[in-house]
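Please look over the sequence and the structure shown here. The paragraphs that follow go through the chain part by part.

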Amino acid sequence: MGIEGKRQMLLHYAVSMIGGFLGGYAIINHSDIFGNAQTANLIHLVTKIFSGNFSGIVFLILSLATYMAGNVFCVIAEKFFKTDLRLISLAFTSCAVIIIGVVPSVANDYIAILPILFVTPVQWNAFREANGYISATIFSTNNLRQATTSLASYLIDRDEKQRDKAKFFWSTLASFHMGVALSCVSSLVLGVESIWFCFIPIMLSATAYVRLEQKNIGFIRKNVSKAEKTI
């Protein structure tokens with residue numbers, strides 16, 4: 001594995017900590033709502049419709065629309081913006097943390113986590129691949145499947161590629177839950193004000209991003225210099 005691959009993976013792990021923190025923060029501080037995904041909310045939405053219990057349905061629809069808007073933004077950004085979507089994601093996540101931190105006491109839990117509902121799909125789209133592996137940084141189900149199946153394959157076949165894959169996905173899971181642990185500990189002490197601790201994984205991610213981009217810039221400059229010498 002080259003240096004660039006290792007740096008891609010370090011960035012992925014750092015961003016997974018952000019995903020873990022935001023997921024844990026929302027669940028701990030806002031009525032067990034998982035703001036990183038919509039599976040549970042969609043189930044609640046359908047059950048409310050068919051049971052005739054329409055209380056709070058507008059907030060479920062609003063959270064769904066916000067999550068979808070985050071995905072739509074990524075399509076627009078990748079087509080029309082020149083700025084790296086990864087950088088946009090880190091900037092948007094920082095803004096979301098500030099918004100939640102400045103206005104921490106919102107009565108409705110779905111309204112309170114709307115910034116999380118928007119920025120997590122942006123993060124998912126921006127950091128969906130590292131060193132050839134496709135992996136989500138905002139939830140764990142598929143990462144757990146990949147970690148388990150690749151480890152089982154390695155134990156049976158002794159294939160080194162499966163071993164490396166298993167290491168990547170288990171490390172992603174570990175990083176994600178380190179973020180959850182950080183949100184848990186800080187929430188026990190500070191409650192909703194603990195959102196400010198999300199800047200720890202954000203800064204780690206920003207540092208990892210800068211290191212990766214410095215490597216890429218150095219590679220480009222080196223090749224440009226070689227090209228100039230041959231002209």
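In which segment does Gly 2 lie? Gly 2 is found in the segment before helix 1. The model is predicted, so to speak of local features a pLDDT of at least 70 is needed, side-chain atom pairs count only at pLDDT 80 or more, and totals for chains, interfaces and linings use all residues. Residues are numbered from 1 along each chain as its sequence is written, and side-chain values use heavy atoms, with hydrogens and water left out.

Gly 2 has a relative accessible area of 44%, which makes it partly exposed; buried means under 20% relative accessible area, exposed over 50%, and partly exposed in between, with a 1.4 Å probe and protein chains only. Along the chain, Gly 2 and Thr 141 are 139 residues apart, and 28 Å separates their C-alpha atoms.

The chain as a whole has nine helices and two strands. Helices (H or I, at least four residues) and strands (E, at least two) are DSSP runs, numbered from the N terminus. In sequence order the pattern reads α-α-α-α-α-α-β-β-α-α-α. Taken along the principal axes, the C-alpha atoms fill a box of roughly 70 × 45 × 35 Å. The chain has 231 residues, of which 43% count as buried.

Next comes a helix pair. Helix 1 (residues 3-29) packs with helix 8 (residues 160-190) at an angle of about 40 degrees, and their axes are 7 Å apart. Axes here are lines fitted to C-alpha atoms, for helices over the stretch in contact, and angles run from 0 to 180 degrees between N-to-C directions. Helix 1 is therefore oblique to helix 8: angles under 35 degrees count as roughly parallel, over 145 as roughly antiparallel, 65 to 115 as roughly perpendicular and the rest as oblique. The residues of this contact divide into 12 nonpolar, 13 polar and one charged. In that division Ala, Val, Leu, Ile, Met, Phe, Trp, Tyr, Cys and Pro are nonpolar, Asp, Glu, Lys and Arg are charged, and the others, Gly among them, are polar.

Two loop residues have a positive phi. Asp 32, in the loop between helix 1 and helix 2 (39-51), has a phi near 60 degrees although it is a residue other than glycine. Asp 32 counts as exposed, at 62% relative accessibility. Arg 158 belongs to the loop between helix 7 (141-157) and helix 8; its phi is about 55 degrees, and Arg 158 is not a glycine. At 54% relative accessibility, Arg 158 is exposed. The charged end of Arg 158 sits over the ring of Tyr 154, 5.2 Å from the ring centre; the rule asks for NZ of Lys or CZ of Arg within 6 Å of the ring centre and within 35 degrees of the ring normal.

The rings come last. Rings of Phe, Tyr and Trp (its six-membered ring) pair if their centres lie within 6.5 Å; planes under 30 degrees apart count as stacked, over 60 as edge-to-face and the rest as tilted. The count comes to 11 aromatic pairs. One of them is the tilted pair of Phe 73 and Phe 118, at 6.1 Å centre to centre and 50 degrees between the planes. Phe 73 lies in helix 3 (residues 57-80) and Phe 118 in helix 6 (residues 114-126), so this pair ties together parts 45 residues apart in sequence. Phe 73 is buried at 15% relative accessible area, whereas Phe 118 is partly exposed at 22%. Ring pairs also link Tyr 13, Tyr 133, Phe 168 and Phe 169 into a cluster.
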